[in-house]
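Please keep the sequence and the model in view while reading.

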Amino acid sequence: MGLRFLPTLFYGMATVLAPLMINELAGAKTTVALYGAASLVIASGAQLLAGRAADRYGHRWPTLIGYATLIVASLGLALFAGQLWGVFFFGILGIAAAWALATLFFVLVSDGVPRAEHGRAFGLLHATWSIAMISGAVLGGALTRTAPGLPFLVAGLLNSLSIVLVLVFFTQIGRGRGSQVATV
C-alpha cells in the first residue's frame, strides 16, 4: 500500500498544481495544453519502456529507477517552482515516472501476493490510489499557500521512504517468500 500511496500522493499534487503553475508562469492556456499533451505522450512511452525493461531485466531495477526518478522530479519541481522550464520539465518527468510505476504494480502484485488474493490486492491498491490522489491534491493545495515548491519538496521527501519499501519488498521476495507465494 505504501508503494502505491507515495507516488500517487505526488501524482495527485502534480496533476492539479503543475498546470496551475504553468498557467501562472506562462499566462497562456496554450502552454498548459502543450504541457498536458506532452506529459500524456511521454508518460505513455515511459510505461512501454518500464514494461520492456521489466520483461528484459527483471522488476527490481525498473522499480527502483522509477521511484528514484519520481524523487528527482519532485525535488526539481520544488527547486524550480518559479521557472516555467523547470515546472514543465520536472512535471513531465514526474508524471512519466508515476505512470511507469503504475505499469509495474501488476508484476509486483504477481510476485508478492498469493494468486487467490490478487483481486483483493488490486481492489485495495485502487482504494489506496483514490485516497492518495485526493490527499495529494488537498495537501498540495494547502502547502502551496506557504510556498509554490513546498508541496513537491514534501512529496519528494516522503517518496524517499518508497526506496526503503522497495528494498524491503524485494528482499522478502528474494528470501523465498515469492516462491512460496507462487505455489500457494
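How do the residues of the lining of the largest pocket divide into nonpolar, polar and charged? In this predicted model, the lining of the largest pocket comprises 12 nonpolar, three polar and two charged residues. The pocket holds about 380 Å³ of space. Its lining is made up of 17 residues, and those nearest the centre are Met 1, Leu 3, Val 113, Leu 125 and Phe 169. Two or more lining residues come from each of the helices α1 (2-26), α4 (84-112), α5 (118-144) and α6 (150-183). Of these elements, α6 provides the largest share, with five residues.

The second largest pocket has a volume of about 270 Å³. Around it stand 16 lining residues, of which Leu 49, Ala 50, Pro 62, Ile 65 and Gly 66 lie nearest the centre. Here the elements that give two or more residues are α2 (29-57), α3 (60-79) and α4. The largest share of this lining, six residues, belongs to α4. By residue type, the lining of the second largest pocket consists of 14 nonpolar and two polar residues, with no charged ones.

The residues of α2 that are buried are Thr 31, Tyr 35, Ala 38, Ser 39, Ala 43, Ala 46, Ala 50, Gly 51, Ala 53 and Ala 54. The elements α1, α3 and α4 are among those that cover them. Just after α2, Gly 58 adopts a positive phi of about 95°.

Ala 100 lies in helix α4, and it counts as buried because its relative accessibility is 10%, where buried means under 20%. Leaving out residues up to four places away in sequence, Ala 100 touches Ala 46, Gln 47 and Ala 50. Ala 100 and Ala 46 are separated by 54 residues in sequence, yet their C-alpha atoms are 5.4 Å apart in space. Ala 50, one of the contacts of Ala 100, is also one of the residues nearest the centre of the second largest pocket.

A contrast is found with Phe 106, which is 84 residues from Ile 22 along the chain, with 33 Å between the two C-alpha atoms.

Thr 63 is found in helix α3 and is buried, with a relative accessible area of 1%. Apart from residues up to four places away in sequence, Thr 63 touches Leu 101, Leu 104, Leu 108, Val 166 and Phe 170.

The last helix to consider in detail is α5. Its 27 residues should span 39 Å at 1.5 Å a residue, and its end C-alpha atoms are 38 Å apart, which agrees. Buried within α5 are His 118, Ala 121, Leu 125, Thr 128, Ala 132, Met 133, Gly 136, Gly 140 and Leu 143. Leu 125 is also one of the residues nearest the centre of the largest pocket. Thr 128, likewise in helix α5, is buried at a relative accessible area of 5%. Beyond its neighbours within four places in sequence, Thr 128 is in contact with Met 1, Arg 4 and Phe 5.

One feature involving charged side chains remains. Side chains of opposite charge can pair when their charged atoms come close. The structure holds one salt bridge, in which the side chains of Glu 117 and Arg 120 meet at 2.8 Å, N to O. Glu 117 is partly exposed, with a relative accessible area of 32%, whereas Arg 120 is exposed, at 58%.

Definitions and conventions: Residues numbered from 1 in each chain as written. Predicted model: local features only at pLDDT ≥ 70, side-chain atom pairs only at ≥ 80, totals over all residues. Heavy atoms only, no water. 1 Å grid on protein atoms, 1.4 Å probe; cavity = no way out; pocket = protein on both sides within 12 Å on 5 of 7 lines; lining within 4 Å. Points joined across faces, edges and corners; volume = space filled by probe spheres on them. Helix = DSSP H or I, 4+ residues; strand = E, 2+ residues; numbered from the N terminus. Nonpolar A, V, L, I, M, F, W, Y, C, P; charged D, E, K, R; others polar. Buried < 20%, exposed > 50% of the residue type's maximum accessible area, 1.4 Å probe, protein only. Contact = heavy atoms within 4.5 Å. Expected span 1.5 Å × (residues − 1). Salt bridge = Lys/Arg side-chain N within 4 Å of Asp/Glu carboxyl O.
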